[in-house]
Amino acid sequence: MAVASKTRNMLENLVREGSFKWLIGNRGPFDDELEEMERSPSAPTNWIPELSPIANVVVRRCSKILGVPTTELCKGFSAEASESIKHPSRYARNFLEYCSFRALALSTQVTGHLADKKFRRLTYDMMLAWEAPASDSQPLLNLNEDVSVGIEAFSRIAPSVPIIANVIISENLFEVLATSTGGRLQFSTYDKYLSGLERAIRKMRTQSESSLLSAVRSSRGERILEVDGTVTTQPVLEHVGISTWPGRLILTDHALYFEALRVVSYDKAKRYDLSDDLKQVVKPELTGPWGTRLFDKAVFYKSISLSEPVVIEFPELKGHSRRDYWLAIIREILYVHRFIHKYQIKGVKRDEALSKAVLGILRVQAIQEISSAPLRSEGLLMFNLCDQLPGGDLILETLANMSTVSELNRSNTSKSGGGMYSISALDMISNLGFAFGTSSNNSVEAGLAVGEVTVGQLTSLERAVKESKNNYEKVAQAQATVDGVKVEGIDTNVAVMKELLFPMMELGKWLLSLALWEDPLKSLGFCVVFTYIICRGWLSYAFALTLVFIAIFMMLTRFFSQGISYHEVKVLAPPPMNTMEQLLAVQNAISQAEGIVQDGNIVLLKLRALLLSLFPQVLLSVIAASSNNVSG
């Protein structure tokens with residue numbers, strides 16, 4: 001009772017003295033809720049001393065959504081979480097994640113939740129609270145100004161709602177959203193993104209429920225993901241051999257369809273399969289009039305089921321953004337089915353994989369709607385990204401193995417009342433009103449593992465993604481180093497090469513001076529040493545010993561150069577040359593190379609003439625000289 005009274009008095013004093021002003025300003029978005037908590041009779045029990053004011057507000061919202069008192073949430077967390085997760089140094093953030101995951105799993109079951117402004121604000125405030133969860137957290141924001149969240153908070157909270165992000169692409173998505181705000185995500189941008197997602201979902205639902213290709217799609221339960229070519233200003237052209245037809249292009253979760261446009265209607269749709277293993281090849285292609293390859297605006301499709309490849313062109317006045325977008329989403333469907341075939345995924349897990357690909361395409365459509373800058377769609381599509389990342393195959397293998405017996409047991413526990421895991425992609429897609437395949441839409445009944453994020457720890461998928469991205473950064477850094485040493489201009493490159501070959505050139509000069517007996521003492525010593533090595537039969541040992549000395553030199557250099565920055569190669573830059581001087585230099589170099597080749601040809605011709613006795617007198621002279629040498 002004394003503790004409750006002390007907590008209540010602390011809350012009253014904080015609000016009365018304005019100690020929350022760093023957080024709520026004059027009338028910030030948390031002001032009303034903090035005052036309501038202070039006036040509430042249950043304030044002493046609902047306020048958690050370990051949490052910051054923002055975290056307390058978020059937990060209170062979660063409590064209202066779940067219909068569970070805050071004290072019951074604390075008891076549930078204590079019962080479900082391990083001791084390491086409940087450690088005092090991690091308690092605040094982990095308890096916040098626990099409450100957030102439970103509340104989001106329930107909130108996403110409401111139809112049209114993305115259109116709900118309270119839901120959007122809740123998810124964003126969860127990210128704000130995640131950055132400053134504990135009571136002793138330093139104030140990270142001033143709510144009088146535009147607040148923002150960082151990449152860590154976004155990558156932790158956003159994947160718990162699979163339509164917003166997933167673990168694999170969350171960092172790339174954040175960079176796209178925060179590119180214009182200095183690497184921090186503001187609520188206005190986040191709100192526009194969720195609005196774009198909501199419109200993309202409505203569009204996809206309308207297309208899938210339409211009569212478009214209904215007879216063809218009904219057998220497999222295919223869903224329409226994208227349609228193009230219906231606007232005259234943005235046509236789509238199909239090239240097969242020498243024939244070209246305009247028409248309508250349709251992508252489903254299993255295939256690509258093209259309907260050629262006739263006078264007043266569309267022809268029967270041609271189906272280009274993406275789901276079966278037909279050795280498909282999908283790549284960018286160049287097109288142009290009369291078979292020329294001028295315009296980089298097309299997609300090439302080839303499979304063993306077609307007698308000749310198909311080229312689908314996306315004409316536009318500037319750039320090739322339409323083509324890049326279509327190439328990325330076509331490959332995403334192709335890659336997800338390759339993933340399914342490779343790991344023999346069936347049933348609900350197959351539907352889960354398809355759901356991830358579809359949600360990725362929805363996210364790209366939402367970003368396209370709110371962003372005017374060029375977009376690299378493949379970086380926001382998880383199967384495209386795994387195809388590019390080093391170690392992407394390990395990410396896919398981890399993804400395929402995520403549903404295990406132990407995860408099934410934890411899934412049933414979390415669905416029955418726990419919240420240690422986030423919602424799965426298949427549950428998300430089902431809540432949005434879509435259904436894939438013939439499997440049950442209830443992932444718990446079908447035994448599907450839970451989502452990609454776990455309270456207080458990294459899942460195996462998150463660890464695989466982190467390792468792969470670290471490797472990618474190393475590869476990118478190495479490539480940047482290679483690109484950094486590239487210089488422009490023939491004369492400059494020749495100067496760099498001379499500088500790099502300077503040790504070898506000096507060694508060559510030294511050997512030449514020995515051969516010319518410029519210093520008789522050194523030349524004599526060299527001859528004596530090598531004659532002794534050859535006579536003793538140590539030549540092979542000498543070669544091996546040289547390699548050993550090189551290895552020892554490298555080891556000593558590495559040992560003594562630790563902590564010392566590498567010296568840059570200093571090159572005396574040649575005087576700048578204009579275009580005409582560069583052309584003359586190239587012509588000069590070609591002439592010199594031509595002279596060397598001519599001299600080589602002359603030597604080869606002389607040898608050929610001697611071997612074939614084309615000049616008998618010369619041959620007799622050579623034989624006579626050889627005989628004299630032997631007799632001598």
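Analyst: On a 1 Å grid over the protein atoms alone, a pocket is an open set of points where a 1.4 Å probe fits, with protein on both sides within 12 Å along at least five of seven lines, and lining residues have an atom within 4 Å of a point. This is a predicted model, where local features need pLDDT of at least 70 and side-chain atom pairs count only at pLDDT 80 or more, while totals for chains, interfaces and linings use all residues. Residues are numbered from 1 along each chain as its sequence is written, and side-chain values use heavy atoms, leaving out hydrogens and water.

User: Which residues lie nearest the centre of the largest pocket?

Analyst: The lining of the largest pocket runs to 25 residues. By class they split into 11 nonpolar, 8 polar and 6 charged (Ala, Val, Leu, Ile, Met, Phe, Trp, Tyr, Cys and Pro count as nonpolar, Asp, Glu, Lys and Arg as charged, the others, Gly among them, as polar). Nearest the centre you'll find Glu-171, Asn-172, Glu-175, Val-176 and Leu-380.

User: Which helix gives the most to the lining of the largest pocket?

Analyst: Helices here are DSSP runs of H or I, at least four residues, numbered from the N terminus. H10 (170–177), H11 (187–209), H14 (347–370), H15 (382–388) and H20 (460–484) each supply at least two lining residues. The top contributor, with 5 residues, is H10.

User: How many disulfides does the count come to?

Analyst: A disulfide here is a pair of cysteine sulfur atoms within 2.5 Å. Take Cys-74: it's buried at 19% relative accessible area, but its sulfur is 6.9 Å from the closest cysteine sulfur, in Cys-99, so that's too far for a bond. By this rule the count is 0.

User: Is Cys-535 buried or exposed?

Analyst: Its relative accessibility is 65%, so Cys-535 counts as exposed. For the chain overall, buried residues make up 41% of the 632. Cys-535, then, is exposed.

Methods: Buried means under 20% relative accessible area, exposed over 50%, partly exposed in between (1.4 Å probe, protein chains only).
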